[in-house]
Amino acid sequence: MISGARRFFSPIALAAGVVFVVAALLANTIPARAADFPALTGRVVDQADIIPAATRQALQSTLADLESKSGIQLVVATVKSLQGEDIESYANELFRTWKLGEKDKNNGVLLLVAPNERRVRIEVGYGLEPTLTDALSKLIIVNAVAPRFKSGDFGGGITNGVADIITVLTTDSSEWQKRPSLRVDREQASDPIGWLLILGAIVIVGLIGVSPSFRWLFFNLLLNILFSSGGSRSGFSGDGFSDGGGFSGGGGSSGGGGASGSW
């Protein structure tokens with residue numbers, strides 16, 4: 001009886017031990033990783049020192065004006081290194097660490113430039129994803145940012161990118177779609193992967209339709225996926241835009257919306 005109990009509890013104890021070790025490693029790793037990020041000292045954080053002083057000052061004024069009028073918190077950041085991470089992961093972690101945008105609206109945007117890796121990303125908060133879509137973010141990078149970066153004009157590329165982001169976020173779509181640099185083809189904007197997933201879901205429902213238990217399991221899984229991808233996915237939060245008069249994030253979050261590019 002005792003040996004049987006040992007055989008039963010031993011795997012459970014082993015699994016619990018593994019979970020404990022992994023949790024301990026994550027607990028030690030995450031704070032250390034977050035400490036490597038530059039501090040959020042303003043709306044323009046130029047750690048890589050690639051933005052001319054006059055351009056930096058103009059950007060600060062433009063971004064402050066945007067925030068005061070709309071509540072949208074757009075921050076520009078340049079970093080010396082992505083520290084071995086891909087820019088998508090780094091930008092999302094940085095966004096969440098800085099908690100950009102208002103907590104209840106998740107209306108933050110991060111324009112991140114890593115000149116040494118020749119990578120750029122627009123990271124978009126949950127609340128702005130329907131407006132500043134992945135497709136539009138990609139167009140802005142390809143048409144407004146990357147061409148200037150290729151010629152070494154980082155200040156010009158960042159200024160163009162910020163201008164187009166603000167145009168999309170604050171102007172009616174009928175107006176900005178007149179601009180060739182921001183026009184999205186309807187065919188180009190469609191998502192073939194999404195249609196394939198929908199078709200696959202229909203096929204699966206048809207295949208498992210004979211079994212009510214499998215049908216129930218499938219629909220539960222689908223509902224979980226749909227609701228977990230909504231605007232309430234925020235896992236990080238903050239308490240306000242300022243702390244003692246300084247500049248800080250407002251508690252917003254991002255789930256990876258946006259686009260990346262290179263030059």
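Asp65 is partly exposed, with a relative accessible area of 36%, where buried means under 20%, exposed over 50% and partly exposed in between (1.4 Å probe, protein chains only). This is a predicted model, in which local features need pLDDT of at least 70 and side-chain atom pairs count only at pLDDT 80 or more, while totals for chains, interfaces and linings use all residues. Residues are numbered from 1 along each chain as its sequence is written, and side-chain values use heavy atoms, with hydrogens and water left out.

The partner of Asp65 in a salt bridge is Lys69, with 3.3 Å between the closest N and O atoms; a salt bridge here is a side-chain nitrogen of Lys or Arg within 4 Å of a carboxyl oxygen of Asp or Glu. Both residues belong to helix H2, where they sit four residues apart, about one turn of the helix. Helices (H or I, at least four residues) and strands (E, at least two) are DSSP runs, numbered from the N terminus. Lys69 is exposed, at 67% relative accessible area.

Seven salt bridges are found in a search of the whole structure. One of them joins the side chains of Asp46 and Arg56 at 3.1 Å, N to O. This pair links distant parts of the chain, with Asp46 in strand S1 (residues 44-46) and Arg56 in helix H2 (residues 53-70), ten residues apart. Asp46 is buried at 15% relative accessible area, whereas Arg56 is partly exposed at 25%. A further salt bridge connects Arg148 and Asp153, whose closest N and O atoms are 2.7 Å apart. Here Arg148 is partly exposed at 34% relative accessibility, and Asp153 is partly exposed at 29%. Through shared partners, salt bridges also join Asp46, Asp49 and Arg56 into one network.

On the H2 side the contact (heavy atoms within 4.5 Å) is made by Thr55, Leu59, Thr62, Leu63 and Leu66, and on the H5 side by Gly155, Ile158, Thr159, Val162, Ile166 and Thr170.

The largest nonpolar core holds 35 residues, of which Ile122, Leu132, Ile158 and Val162 touch the most other members. Such a core is a set of buried Ala, Val, Leu, Ile, Met, Phe, Trp, Tyr and Cys residues joined through side-chain atoms within 4.5 Å. At least two residues each come from H2, strand S2 (73-78), strand S3 (108-114), S4, helix H4 (134-150) and helix H5 (154-170). H4 gives the largest share, eight residues. Apart from this core lies another, of 18 residues, including Val45, Val79, Trp98 and Leu100. Among the residues that Ile122 touches, not counting those up to four places away in sequence, are Leu132, Ile165, Gly257, Gly258 and Ala259.

Strand S4 (residues 119-124) pairs with S5 in the antiparallel sense over six bridges, pairing being assigned if DSSP finds at least two bridges between two strands. Within this pairing, Gly258 of S5 is the bridge partner of Glu123. Five of the six residues of S5 (residues 257-262) are buried, so this strand is largely enclosed by the rest of the structure.
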